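Please report on the fold, the salt bridges and the nonpolar surface of this model.

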Amino acid sequence: MYKKLLSVMLLTVLVYAFVCPPVLASTDAEKRIRLAEKTKAGILKLGVGRDARVSVKLRDKTKFAGYVSKTEEDLFVVTDLKTGESNPVTYADVAQVKGNNLSTGAKVAIGIGIGVGATLLILYIIFAHLD
């Protein structure tokens with residue numbers, strides 16, 4: 001009897017958990033803070049300098065493209081490659097950021113691919129001339 005009651009209770013809890021999942025609502029301000037923190041982490045990971053190329057879209061639909069020339073606690077500066085114009089951008093104003101450079105993992109993968117391709121080409125040339 002005890003096992004049957006425990007089984008029914010466990011089944012009820014599991015059904016309730018899948019049918020009525022808890023609602024995790026957050027306010028617009030909390031979403032903006034999370035997005036700003038995510039943007040800041042991405043910009044800091046990208047780095048500073050001509051190799052840290054980005055295209056930024058702000059909440060007011062303004063777009064900037066160039067490289068990150070400076071980062072601070074609450075903003076970063078995007079400098080246009082052609083004109084040299086600097087545009088300070090606060091992390092909270094950013095709607096979307098796209099980085100245009102390769103990560104270290106991608107660079108390593110490309111290097112390994114080139115090495116494997118060169119090795120296969122050399123082996124093919126060697127074995128083709130043995131016949």
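Isoleucine 126 is partly exposed, at a relative accessible area of 44%. Here buried means under 20% relative accessible area, exposed over 50%, and partly exposed in between, with a 1.4 Å probe and protein chains only. Isoleucine 126 sits in helix H3, residues 104-130. Helices (H or I, at least four residues) and strands (E, at least two) are DSSP runs, numbered from the N terminus.

The model is predicted: local features need pLDDT of at least 70, side-chain atom pairs count only at pLDDT 80 or more, and totals for chains, interfaces and linings use all residues. Residues are numbered from 1 along each chain as its sequence is written, and side-chain values use heavy atoms, leaving out hydrogens and water.

**Nonpolar patch**

Ile126 belongs to a nonpolar surface patch of about 880 Å². Patch residues have over 30% relative accessible area and no salt bridge; like charges are joined within 9 Å, nonpolar side chains (Val, Leu, Ile, Met, Phe, Trp, Tyr) within 5 Å. Areas come from the Shrake-Rupley method with a 1.4 Å probe; for residues, only the protein chains shown count as cover.

Five strands make an open antiparallel sheet, ordered E4-E3-E2-E1-E5. Strands E4 (86-90) and E5 (94-99) are the edges, each pairing on one side only. Neighbouring strands are turned by 40 degrees against each other on average, direction ignored. Two strands pair if DSSP finds at least two bridges between them. E1 (residues 53-58) and E5 pair antiparallel over five bridges. Serine 55 stands opposite lysine 98 in E5.

Helix H2 (residues 28-46) packs on this sheet. H2 touches E1, E2 (63-71), E3 (75-79) and E5, where contact means heavy atoms within 4.5 Å. The direction of H2 makes about 25 degrees with that of E5. Axes are lines fitted to C-alpha atoms, for helices over the stretch in contact; angles run from 0 to 180 degrees between N-to-C directions.

**Salt bridges**

How many salt bridges are counted? The count is two, each needing a side-chain nitrogen of Lys or Arg within 4 Å of a carboxyl oxygen of Asp or Glu.

| Pair | Closest N to O |
|---|---|
| Glutamate 73 – lysine 40 | 2.8 Å |

Glutamate 73 is exposed at 64% relative accessible area. Glutamate 72 is partly exposed at 32%, and lysine 70 is partly exposed at 42%.
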